[in-house]
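Keep the sequence and the structure in view while reading.

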Amino acid sequence: MTQMTFHDAVEAALHEEMARDPRVLMFGEGTATKRKGLLKAFGPQRVRNTPLAEGIIAGTAAGAAATGLRPVVDLLFAPFLCFAMDELVNSAGKLRYMSGGQFSFPMVALAMTGGGWSVGAQHNHNLEAWFVHAPGLKVVMPSTPADAKGLMKAAIRDENPVLFFMDIGLAFAPGEVPEDEALIPLGQAAIRREGSDVTLISYAKTVHTCLAAAEALAEQGVSAEVLDLRTLKPLDEATILASVRKTGRVVIVHEASRLCGVGAEVAALISEQAFEALRAPIIRLTGPDAPAPASYPLEQAFAPQADAIVGAAAGLVARTLEAAPIW
Amino acid sequence: MSLSTTPQPGPTRPELLAAMLRIRAYEERIVAFHAAGPFPNVCTSVGQEAAAVGVVSALRTEDQILTNHRSAGHLLARGADPGRMLAEVMGRSTGYCQGRSGTLHISVKELGVVLTSTIVGGELSLAPGVALSRAMLGGEGIVVCFFGDGAACEGIFHESLNLASVWNLPVLYVCENNQWQAFVHRKETMVGDHVAPWAAPYGIDSLTVDGNDVESVRKAALHAAAQVRETRRPFLLEAWTYRQRGHMEPHDQSYVDPAELEAWMAKDPISRLEARLLADGELTTADLEVLHAEARRAIDEAAEFASTSPYPDPSDLAAGVYA
Ligand SMILES: Cc1ncc(C[n+]2csc(CCOP(=O)(O)OP(=O)(O)O)c2C)c(N)n1
């Protein structure tokens, strides 16, 4: 194990994958400037700066992926994906199916998302659900440096286009990262903490908020399980359902706004497939339907807080105890 | 403009004509199927056969093609089987994309046709990437990207040319300036008549050619392709041509100036080559009849194959989204 930041973990993954496979290359606005180590190791053919033009960056990645390369593109901040939407959604996501499987699109699009840097709404937008909704794409949003590395490696090796969202608030937080391969397959959630009374389901930065909430809940005698989705598409339905069947109570937590967010999908999944296990209604704690504010306290308030999670989870437990039969 | 072309073994003039006739016969059959309906929406390339045949005949097998919604001519000129194309248009499982593309998105990997994009400009956005693969994985091939004057008015055209130039990518951009952008005349949306001059600020050489003269197009395309092969840099070729039918079927040209239409119909690329071949004594009227009949027969066979092909199994509806 070594300590490294999320940012460095992603770079370590890139380094290892580029060394392993000469078809892997990376480009973006400032990629060659900021990733000096990669540039030095792999040269300007494989580590490239681009013009400030997200559409052609993503389209070039799609064209290259269709014809034998395995590009990783850094599109910087998630709101800029709006400029690359056509290429990611209409080309990379659809053309495998539309060509009857003749072409595939093994590429990764990296973007930063979430609060923590006070950058305001045009640099901070949790829009992962947009891509979950687009067929042909996969979506990854890790919460730890170890996962960032393992999932990035898996994303690069995947034959499909993968959206890889890096939470700004986690970017420079260090964590333990294994030195070996430590691939993490796409589509596998992780149980971050075992518990029996309530399941807190989250991904990215708010996983840590859930862990803090679980600590506080434990002090109140409530045993919370914390489930980190890690990959939003494909969604690890089995792990979600198993946890819900164990605890019977669910709080879903994410920073993105509620309406048609990932939490809505998880709630629907649970009510369709594990309704009988539920002992209380499902609760979602999310960001508001508002652009992300810049002011630091507002930005922090934007993401669900541990207190709210504790309140919601404790409320669910109390409610079911009250409603329990008296014998 | 003098073009540096060395004589190349290639199709004879009657062969160029036959290729154009086959495209025309294919498109006319599509029109007939549509009129008899129900049949999917289609955008035909009638009137643009010289651009398709002229350019594609100048390519080599290892070259790759990206194109737009008016792609039938490019695919047929490349040697696509009209039966499998029609089957695709009709949504049959024997189509090149198993009925998942339809008329507007046919790709044929075995012929190097990476993409037919009906997102206007989609072909321009992927082209540098396909060329990047060529540049990095080796091989002599170049990448040809067909698009319209409408697409040239999009930002992605400029992004594409700029990146291809900055990165020295072997892309032959071919703008088929057919005067129309769906229901809007290019005069309403473009400053100047031509797209070719827009290449210069990106350091890209360009050429405008009479797109209704297949021999001129072929000559220009040989020159352009040779330049891309040699320099491994982009080139922009503009074919000045005309969309003879409405934007899509059913055919509607109520909004077209009759004088413009008449002038361009007089420059029909097929009639022009036929007149030349007759005047030069290379073919007789009887020979022409034979060529027309052959083209029709090939399309008859294609139509028979397509219309008797099975539909895909609906239980496979969502198969193949992911690799
Ligand atoms: C992004 C996008 N915008 C609009 C359309 C609708 N549309 C389809 S074809 C077309 C005209 C394109 O004009 P041009 O590029 O000149 O090609 P042409 O049809 O003349 O061959 C339009 C506007 C589309 N398919 N995609």
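The model shown here is predicted. A search of the whole structure turns up 3 cavities of 30 Å³ or more. The largest cavity has a volume of about 90 Å³. Its lining is made up of residues of chain B, among them B:Tyr26, B:Glu27 and B:Ile30. B:Val42 and B:Cys43 also belong to this lining, as do B:His69, B:Ser71 and B:Ala72.

In chain B, α1 (13–36) and α4 (82–89) each supply at least two residues of the lining. The most comes from α1(B), which gives 3 residues. By class, the lining of the largest cavity holds 8 nonpolar, 3 polar and 1 charged residues.

The open pockets come next. The largest pocket holds about 620 Å³ of space, and 28 residues line it. Nearest its centre lie A:Ala129, A:Trp130, A:Cys260, A:Gly261 and A:Val262. Both helices and strands of chain A take part: α7 (128–132), β12 (231–233), β13 (250–257) and α11 (262–273) each supply at least two residues of the lining. The lining of the largest pocket also draws on two domains of chain A, with at least three residues from each of domain 1 (2–177) and domain 2 (190–322). Its residues are 17 nonpolar, 6 polar and 5 charged.

The second largest pocket has a volume of about 220 Å³. It is lined by 17 residues, and those nearest its centre are B:His69, B:Gly148, B:Trp180, B:Gln181 and B:Ala182. Which elements of chain B supply at least two residues each of the lining of the second largest pocket? They are β3 (143–148), α6 (149–152) and β5 (180–181). Of the elements involved, α6(B) gives the most, with 3 residues. The lining of the second largest pocket divides into 5 nonpolar, 8 polar and 4 charged residues.

Over residues 20–314, chain B is 46% helix and 13% strand. The end C-alpha atoms of this stretch are 36 Å apart.

Methods:
Residues numbered from 1 in each chain as written. Chains lettered and ligands numbered in written order. Predicted model: local features only at pLDDT ≥ 70, side-chain atom pairs only at ≥ 80, totals over all residues. Heavy atoms only, no water. Helix = DSSP H or I, 4+ residues; strand = E, 2+ residues; numbered from the N terminus. 1 Å grid on protein atoms, 1.4 Å probe; cavity = no way out; pocket = protein on both sides within 12 Å on 5 of 7 lines; lining within 4 Å. Points joined across faces, edges and corners; volume = space filled by probe spheres on them. Nonpolar A, V, L, I, M, F, W, Y, C, P; charged D, E, K, R; others polar. Domains from an automatic or database assignment.
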